[in-house]
There are 2 protein chains.
Amino acid sequence: MDNKVKISRIQVNLTQQQLAEKIGVTRQTISLIEKGKYNPSLKLCLDICNAVNKTLDEVFWIEKGG
Amino acid sequence: MDNKVKISRIQVNLTQQQLAEKIGVTRQTISLIEKGKYNPSLKLCLDICNAVNKTLDEVFWIEKGG
DNA sequence: ATAAATTGTAACATATATTTTACATTATTC
DNA sequence: GAATAATGTAAAATATATGTTACAATTTAT
């Protein structure tokens, strides 16, 4: 479950805490998603995208092999 | 929770049942997602995209007002 | 119009995302 | 290097996605 949440978050200068609050979710949830240990809901993905000004593809799409 | 699963599925000539089997999920799950009554997991979204040859943005991204 | 296929939906069971609380570790600032 | 902020992580509780079974409604083909 790889993604680009962490890099996207840093690009808009948000801490996990701040992003979490902005979205209305727990800091732990953000942390686990960034670590790839959660399988987040679509709604949460969309909220994250919104907060970091990117689209789903930009944050959660992983190009398949080479 | 609007999306384009139904139209995407029809474009590749799959029934809900067939899509469900291809993904390894229940027909009901597909039905409810198409109806916008579920908030699917990212993994499931990715599986669906895979099955219908589209990206996350193409299937699950909703342009905001405008 | 009838039969068959496809889809909608409901109740209950199960798996798992998310919360809460709490503490340990790592990075940052002074 | 000490203090502070930021992050990683764990256990237990809760919310909710998904499975199972079953049946109704709708669509498609004959």
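Helix H3 of chain B gives the largest share of the surface near DNA strand C, namely 3 residues. Keep in mind as you look around that this is a predicted model.

**Around the DNA strand**

Which helices each supply at least two residues of the surface near DNA strand C? They are helix H3 (27-34) of chain A, along with helix H2 (16-23) and helix H3 (27-34) of chain B. In total, 17 residues surround DNA strand C. The closest from chain A are Thr26(A), Thr29(A) and Asn39(A), and those from chain B are Thr15(B) and Gln16(B).

What sort of residues make up this surface? The table sorts the residues near DNA strand C by class.

| Class | Residues in the surface near DNA strand C |
|---|---|
| Polar | 11 residues |
| Nonpolar | 4 residues |

**A closer look at chain A**

Chain A is built with 5 helices and 0 strands, and the pattern along its sequence reads α-α-α-α-α. The radius of gyration of chain A is 11 Å, close to the 11 Å that the globule rule gives for 66 residues, so chain A is as compact as a globular protein of that length. Taken along the principal axes, the box filled by the C-alpha atoms of chain A is roughly 35 × 20 × 20 Å.

How much of chain A counts as buried? Of its 66 residues, 24% do. Turning to contacts in chain A between residues at least 6 apart in sequence, 54% of them join residues at least 24 apart.

Terms used. Residues are numbered from 1 along each chain as its sequence is written. Chains are lettered from A and ligands numbered from 1 in the order in which they are written. This is a predicted model: local features need pLDDT of at least 70, side-chain atom pairs count only at pLDDT 80 or more; totals for chains, interfaces and linings use all residues. A residue is near a molecule or strand if its C-beta atom, placed from the backbone, lies within 6 Å of it. Helices (H or I, at least four residues) and strands (E, at least two) are DSSP runs, numbered from the N terminus. Ala, Val, Leu, Ile, Met, Phe, Trp, Tyr, Cys and Pro count as nonpolar, Asp, Glu, Lys and Arg as charged, and the others, Gly among them, as polar. The radius of gyration is taken over C-alpha atoms; the globule rule is 2.2 Å times the number of residues to the power 0.38. A residue is buried if 20 or more other C-beta atoms lie within 10 Å of its own, exposed if 12 or fewer, and partly exposed in between; C-beta atoms are placed from the backbone. Two residues are in contact if their C-beta atoms, placed from the backbone, lie within 7 Å.
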